[in-house]
Amino acid sequence: TKCESGCVCADGLYENLDGRCVPAEECPCEYGGLAYGRGEQIQTECEICTCTKGKWKCVQKTRCSSTCNLYGEGHITTFDGQRFVFDGNCEYILAMDGCSVNRPISSFKIVTENVICGKSGVTCSRSISIYLGNLTIILRDETFAISGENPGIRYKVKKNALHLMFDIIIPGKYNMTLIWNKHMNFFIKISRETQETICGLCGNYNGNMKDDFETRSKYVASNELEFVNSWKENPLCGDVYFVVDPCSKNPYRKAWAEKTCSIINSHVFSACHNKVNRMPYYEACVRDSCGCDIGGDCQCMCDAIAVYAMACLEKGICIDWRTPEFCREF
């Protein structure tokens, strides 16, 4: 609005973030509030971006994957990034293919079974069923069972202290990695070789989150509850008509939930704050910690924090947040 005396850079030079004048080749790039120097790279699931003259030059990966998260008491982030919460006591289709009218043959189907886990009516994902033709994998009670066989499917099971992981290859169609924390958190990471339509609670995986609430009848629902009810595996289950707010039902737990979940907002995770928006994870943590009121409340809280830690890891930020006193590894 007015002129002030000061310094300017000479012609052909530009001010960098340190206040020095540099040639265009040395200009930094910004991503998530952090500065990256010339030639530095960042990677997303679909692109590799290189800093060039202060701008990102991005190249599409030959293989592009996306992840759907189901965690805590009915929190879902779809393949395209849409978030919603539901409380339904039924079996629901998380993801399957063969959704188009022209090609209704399915090569995989993943189903979650929810059960009530709190007095307020919130639900937790307790059982996951993976159907691959005649091969079935059931995840339940912190273990898994495999029945049947399908010679056309290749799969490998890996274990660590916190997770069970399944690498599944459907030749010519999908590479899938399924990660289960033996509790309430389940992640589906898919890299596909075809443009086969995918559907279910994880959305249609077309890169557009605005039409993720596509029902089984192929129309976009006006709200998430209509969408969720359309993906019941058993039509005899009752519909969901509202989303429970456990903190209003258990106000005495809210202060404890906010205090314990505040680690997400603390310096412990500060390296990740610019890379992954923490607020949806903090709010989910508070909600779940309020809702688990018949035991397992600390496990619910730890599971919710672990989801944020995993999102940070996806961005290359490893946070050492567990301690012997706080959410220790069992």
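**Sheet pairing and salt bridges in a predicted model**

Mentor: This is a predicted model. Its strands β5, β6 and β7 form an open sheet in the order β5-β6-β7, with antiparallel pairing.

Trainee: What makes β5 and β7 edge strands?

Mentor: Each has a single partner strand. One side of β5 (41-43) and one side of β7 (55-60) therefore lack a neighbour in the sheet. On average, neighbouring strands here are turned by 25 degrees against each other, direction ignored.

Trainee: Turn to charges. How many salt bridges does a search of the whole structure find?

Mentor: Five. Among them is the pair E233 and K109.

Trainee: Why is the contact of E233 and K109 called a salt bridge?

Mentor: The cut-off is 4 Å between a Lys or Arg side-chain nitrogen and an Asp or Glu carboxyl oxygen. For E233 and K109 the N to O distance is 2.8 Å, so the pair qualifies.

Trainee: What does the pair tie together?

Mentor: E233 lies in the loop between α1 (224-230) and α2 (246-249), and K109 in strand β12 (residues 109-116). The pair therefore ties together parts that are 124 residues apart in sequence.

Trainee: Why is E233 called partly exposed?

Mentor: Buried means under 20% and exposed means over 50%. E233 has 26% relative accessibility, so it falls in between. K109, at 22%, also counts as partly exposed.

Trainee: How do you know that K158 and D167 form a salt bridge?

Mentor: Their closest N and O atoms are 2.9 Å apart. That is within 4 Å, so the pair counts. K158 is partly exposed, at 36% relative accessibility.

Trainee: In the salt bridge of D239 and K232, which residue is buried?

Mentor: K232: its 10% relative accessibility is under 20%, so it counts as buried. D239, at 37%, is partly exposed. Their N to O distance is 2.6 Å.

Trainee: Why is D211 said to have no salt bridge?

Mentor: The nearest side chain of opposite charge, K210, is 10 Å away. The limit is 4 Å, so no salt bridge is assigned to this buried residue. D211 is found in the loop between β20 (198-199) and α1.

Trainee: What makes the approach of D211 to N206 a polar contact?

Mentor: Their side chains come to 2.9 Å, and the cut-off is 3.5 Å. Leaving aside neighbours within four places in sequence, D211 is in contact with N204, N206 and V220.

Note on methods: Residues numbered from 1 in each chain as written. Predicted model: local features only at pLDDT ≥ 70, side-chain atom pairs only at ≥ 80, totals over all residues. Heavy atoms only, no water. Pairing = 2+ DSSP bridges. Helix = DSSP H or I, 4+ residues; strand = E, 2+ residues; numbered from the N terminus. Axes fitted to C-alpha atoms, helices over the stretch in contact; angles between N-to-C directions. Buried < 20%, exposed > 50% of the residue type's maximum accessible area, 1.4 Å probe, protein only. Lys, Arg positive; Asp, Glu negative; His and termini not counted. Polar contact = N/O pair within 3.5 Å; in protein donor to acceptor, adjacent residues only side chain to side chain. Contact = heavy atoms within 4.5 Å.
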